[in-house]
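Please read it beside the sequence and the coordinates.

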Amino acid sequence: MTATTLAQRDAHANELIATGKILEAFDTYIADDVVMREPGMEPCVGKEANRVRELEFLGSVAEFHGAGLSGSAVGDNVSYSEWWFDITFKNGARVRMEQVERRVWRDGLIVDVRFYYNKG
């Protein structure tokens, strides 16, 4: 895969996320053997297990107030995206979350994701 192709795929994934199509981005770009890591948690392995986790997260959200891509970078089979999200959860907590997502790509799909974030 060329850097241009990776850059295009990464930009498309980011566009889907930014427009609220999180599950479409997931279904399109996540590999079956993906490993996803959240801070302080054990890695979640496999597309199906991670899809369940994504659905649980989305189900906990009462309202999205806004989101945006602050920056991104693409290297040799790796990409980084810096995001902000303003979310109210069903428990009533409103959170402004800043997050960096590191993605490792193989054969046009994301095989490893690590999230770095701060909620406040």
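## Strand pairing

Strand β3 (residues 61–74) pairs with β4 in the antiparallel sense over eleven bridges, where strands are DSSP runs of E of at least two residues and helices runs of H or I of at least four, numbered from the N terminus, and where pairing requires that DSSP finds at least two bridges between two strands. Within this pair, glycine 68 stands opposite tryptophan 84 of β4. Three residues separate β3 and β4 in their hairpin, and asparagine 77 in the turn has a positive phi of about 60°.

Strand β4 (residues 78–89) also runs antiparallel to strand β5 (residues 94–106), to which eleven bridges join it; phenylalanine 85 has methionine 97 in β5 as its bridge partner. This hairpin has four residues between its strands, with glycine 92 in the turn at a positive phi of about 95°.

## Basis of the values

The model is predicted, and local features need pLDDT of at least 70, side-chain atom pairs count only at pLDDT 80 or more, while totals for chains, interfaces and linings use all residues. Residues are numbered from 1 along each chain as its sequence is written, and side-chain values use heavy atoms, with hydrogens and water left out.

## The largest pocket

The largest pocket has a volume of about 630 Å³. Of its 28 lining residues, Glu38, Glu54, Phe57, Gln99 and Phe115 are the closest to its centre. (A pocket is an open set of points on a 1 Å grid over the protein atoms alone, where a 1.4 Å probe fits, with protein on both sides within 12 Å along at least five of seven lines; lining residues have an atom within 4 Å of a point.) Strand β5 gives the most to this lining, with five residues, and the elements that supply at least two residues each include α3 (47–59) and β6 (109–119).

Serine 81, found in strand β4, counts as buried because its relative accessibility is 1%, the limit for buried being under 20% relative accessible area with a 1.4 Å probe and protein chains only. Its side chain is joined to that of asparagine 14 by a polar contact of 3.0 Å.

Asparagine 50 lies in helix α3 and is likewise buried, with a relative accessible area of 0%.

Key: Grid points are joined across faces, edges and corners, and a volume is the space filled by probe spheres set on the points. Buried means under 20% relative accessible area, exposed over 50%, partly exposed in between (1.4 Å probe, protein chains only). A polar contact is a pair of N or O atoms within 3.5 Å; within protein, one must be able to donate a hydrogen and the other to accept it, and residues adjacent in sequence count only if both atoms are side-chain atoms.
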